[in-house]
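Here are a few exercises to work through with the model open on your screen. Try each one yourself before you read its solution.

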Amino acid sequence: VQLQASGGGLVQAGGSLRLSCAAPGRIFSRSQMAWFRQAPGKEREFVVAITRSGANTDYKDSVKGRFTISRDNAKNTVYLQMNTLSPEDTAVYYCAAKDTILSNNRIYTGVSDYMYWGQGTQVTVSS
């Protein structure tokens, strides 16, 4: 199963980008969705997640107040609005999905928690 991420690019510090990730409907409807990122030479890290209903979210501390996750269940798409970007946000961003049909309100933050992954989209923030 392939998630399709898009929206990355090059932006100056202080700028904004919006990432999108489309998933097959049979996966999306059952899944908590998340964004992770991986900078060169570093491990992949959790950024944000949203529950199936969209009622609950959880953010990495360093992106709180700057990033916003949302999901459109009619379009099977999750979005990540990133504002006030800094060079420290430079990374490949990955979307991920975890089937949570039995545990809707719990937020999962581990890489190993997620079964389905997108191909990654590069975000580069210049100073």
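**Exercise 1.** Work out whether Asn76 is buried, partly exposed or exposed, and say where Asn76 sits.

*Solution.* Start with the surface: Asn76 has a relative accessible area of 21%. Buried means under 20%, exposed means over 50%, and partly exposed is in between, using a 1.4 Å probe and protein chains only. So Asn76 is partly exposed. This is a predicted model, where local features need pLDDT of at least 70 and side-chain atom pairs count only at pLDDT 80 or more, while totals for chains, interfaces and linings use all residues. Residues are numbered from 1 along each chain as its sequence is written, and side-chain values use heavy atoms, with hydrogens and water left out.

Next, the place: Asn76 is in the loop between β7 and β8. (Strands are DSSP runs of E, at least two residues, and helices are runs of H or I, at least four; both are numbered from the N terminus.) Last, check the backbone: Asn76 has a positive phi of about 55 degrees although it is not a glycine.

**Exercise 2.** Describe how β7 pairs with β8 and where the side chains of β7 point.

*Solution.* Strands pair if DSSP finds at least two bridges between them. Here β7 and β8 (residues 77-82) run antiparallel over 6 bridges, and the hairpin has 4 residues between the strands. Two partners to look up: Ile69 bridges to Leu80 in β8, and Ser70 stands opposite Tyr79.

Now the faces. In a regular strand the side chains alternate between the two faces of the sheet. Along β7 (residues 67-72), Phe67, Ile69 and Arg71 point to one face and are buried.

Then zoom out: the open sheet has 4 strands in the order β1-β3-β8-β7, with antiparallel pairing. Its edge strands, β1 (4-6) and β7, each pair on one side only.

**Exercise 3.** Which side chains make polar contacts with Asp89, and is Asp89 buried or exposed?

*Solution.* First find Asp89 in the loop between β8 and β9 (91-99). At 2% relative accessibility, Asp89 is buried.

A polar contact is a pair of N or O atoms within 3.5 Å; within protein, one must be able to donate a hydrogen and the other to accept it, and residues adjacent in sequence count only if both atoms are side-chain atoms. By that rule the Asp89 side chain joins that of Arg37 at 3.0 Å and that of Arg66 at 2.8 Å.

Leaving aside neighbours within four places in sequence, the residues touching Asp89 include Phe67, Thr84 and Val123. Thr84 is in the β8-β9 loop too, with a positive phi near 50 degrees.

**Exercise 4.** How many aromatic pairs does the whole structure hold, and how do Phe36 and Phe46 pair?

*Solution.* Rings of Phe, Tyr and Trp (its six-membered ring) pair if their centres lie within 6.5 Å; planes under 30 degrees apart are stacked, over 60 edge-to-face, and the rest tilted. The search finds 4 pairs. Phe36 and Phe46 are 5.7 Å apart centre to centre, with 80 degrees between the planes, so that pair counts as edge-to-face. Both Phe36 and Phe46 are buried.

Notes:
Contact means heavy atoms within 4.5 Å.
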